[in-house]
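Subject: Structure for your files

Hello,

Here is the structure I said I would send over. Please open it alongside this message and read the notes with it.

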Amino acid sequence: MKKQDFNLEKAIEIFKNRKISTAKMLCIFLGASAVFLLIASWGSFNNSNKVNEETGTVQQTATQGTYLQSTQEQLVDILASMQGVGNVKVMITLESSAEEIYAQTIVHEENQTQNGENIYSNRTVEQNSYVLVDTSEGRTALTTGTLEPVVKGVVVVCEGAGDVSVERKVTEVVCVVLGITSNRVCVTKLN
């Protein structure tokens with residue numbers, strides 16, 4: 001099979017010979033452009049982030065694993081350095097994942113009208129929109145901060161857990177480091 005190069009003049013000649021109207025040609029061109037744009041921007045549609053419209057946050061599931069691993073490693077290092085703890089393993093469960101907070105503009109508009117003698121009508125309109133900035137990756141929303149994931153519970157398995165004072169100290173350290181209450185921490189003896 002012989003490879004043929006695309007020739008714009010030849011394509012225009014084909015359209016002219018078949019008597020395709022300008023409107024139809026425009027529709028074909030716009031349809032092809034739309035398909036091209038969809039294919040070109042497919043990566044942005046395939047995003048795993050979930051937007052919470054009420055709070056202006058985006059949940060990011062990709063960073064959850066990194067946060068868990070890093071926090072567990074740091075907690076193991078701290079607990080292993082404590083007297084009497086010995087060998088230690090930690091498992092953290094999360095109630096929610098990290099969320100990015102996006103900057104928003106809020107426009108308030110109030111209208112007062114008079115419908116006759118001393119009868120006023122008030123109408124308030126509020127419009128929220130995200131602040132967009134141009135980056136090398138295109139237009140993205142401006143982030144103002146990140147909410148860390150909420151810890152649901154922690155299990156600590158260590159050699160020194162048979163000693164009540166070690167269990168108490170481990171529980172206190174975990175509570176302080178993660179900002180959780182003691183009823184979310186379980187300390188048990190390692191086999």
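The notes below go from the chain as a whole to single residues.

Conventions

This is a predicted model, in which local features need pLDDT of at least 70, side-chain atom pairs count only at pLDDT 80 or more, and totals for chains, interfaces and linings use all residues. Residues are numbered from 1 along each chain as its sequence is written, and side-chain values use heavy atoms, with hydrogens and water left out.

The chain as a whole

The protein chain averages a pLDDT of 77, and 62% of the residues score at least 70; pLDDT is the predictor's confidence in each residue, from 0 to 100. Over residues 42-62 the pLDDT stays under 50, although the model has 35 contacts beyond four places in sequence for that stretch. A contact means heavy atoms within 4.5 Å. Where pLDDT is low, the predicted coordinates should not be read in detail.

The protein chain contains 5 helices and 11 strands. Both are DSSP runs numbered from the N terminus, helices being H or I with at least four residues and strands being E with at least two. Of the 191 residues, 21% count as buried. Buried means under 20% relative accessible area, exposed means over 50%, and partly exposed lies in between (1.4 Å probe, protein chains only). The chain exposes about 14600 Å², of which carbon and sulfur atoms supply 54%; these areas come from the Shrake-Rupley method with a 1.4 Å probe, and for residues only the protein chains shown count as cover. Among contacts between residues at least 6 apart in sequence, 66% join residues at least 24 apart.

The sheet E3-E10-E11

An open sheet is formed by 3 strands in the order E3-E10-E11, with mixed pairing. Strand E3 (88-96) and strand E11 (185-189) stand at the edges with a single partner strand each, so one side of each has no neighbour in the sheet. From one strand to the next the twist averages 15°. Two strands pair if DSSP finds at least two bridges between them. Strands of a sheet pair through backbone hydrogen bonds, either parallel or antiparallel.

E3 and strand E10 (residues 150-158) are paired in the antiparallel sense over 8 bridges. Met91 stands opposite Val155 in E10. Thr93 lies in strand E3 and is partly exposed, with a relative accessible area of 32%. Leaving aside neighbours within four places in sequence, Thr93 is in contact with Val151, Lys152 and Gly153. The C-alpha atoms of Thr93 and Val151 are separated by 6.1 Å, and these residues are 58 apart along the chain.

Helix H5 (residues 164-178) lies across E3, E10 and E11 and runs at about 145° to E11. Axes here are lines fitted to C-alpha atoms, for helices over the stretch in contact, and angles run from 0 to 180 degrees between N-to-C directions.

Helix H4

Gln72 lies in helix H4 (residues 62-80). Its side chain reaches the backbone nitrogen of Ile92 at 2.9 Å. With neighbours within four places in sequence left aside, Gln72 is in contact with Val90, Met91 and Ile92.

Tyr67 is also found in helix H4, and at 23% relative accessibility Tyr67 counts as partly exposed. Leaving aside neighbours within four places in sequence, Tyr67 is in contact with Leu94, Glu148 and Pro149. Tyr67 and Glu148 are 81 residues apart in sequence and 8.8 Å apart in space, C-alpha to C-alpha.

Asn122 lies in strand E6 (residues 120-130) and is exposed, with a relative accessible area of 57%. Beyond neighbours within four places in sequence, Asn122 is in contact with Asn111 and Gln112. From Asn122 to Gln112 the C-alpha separation is 4.7 Å, for residues 10 apart in sequence.

Strand E7 (residues 132-135) and strand E8 (residues 138-141) pair in the antiparallel sense over 4 bridges, and a hairpin joins E7 to E8 through 2 residues. The bridge partner of Thr135 in E8 is Gly138. Leu132 lies in strand E7 and is partly exposed, with a relative accessible area of 44%. Not counting residues up to four places away in sequence, Leu132 touches Arg139, Thr140 and Ala141.

Regards

Notes: Polar contact = N/O pair within 3.5 Å; in protein donor to acceptor, adjacent residues only side chain to side chain.
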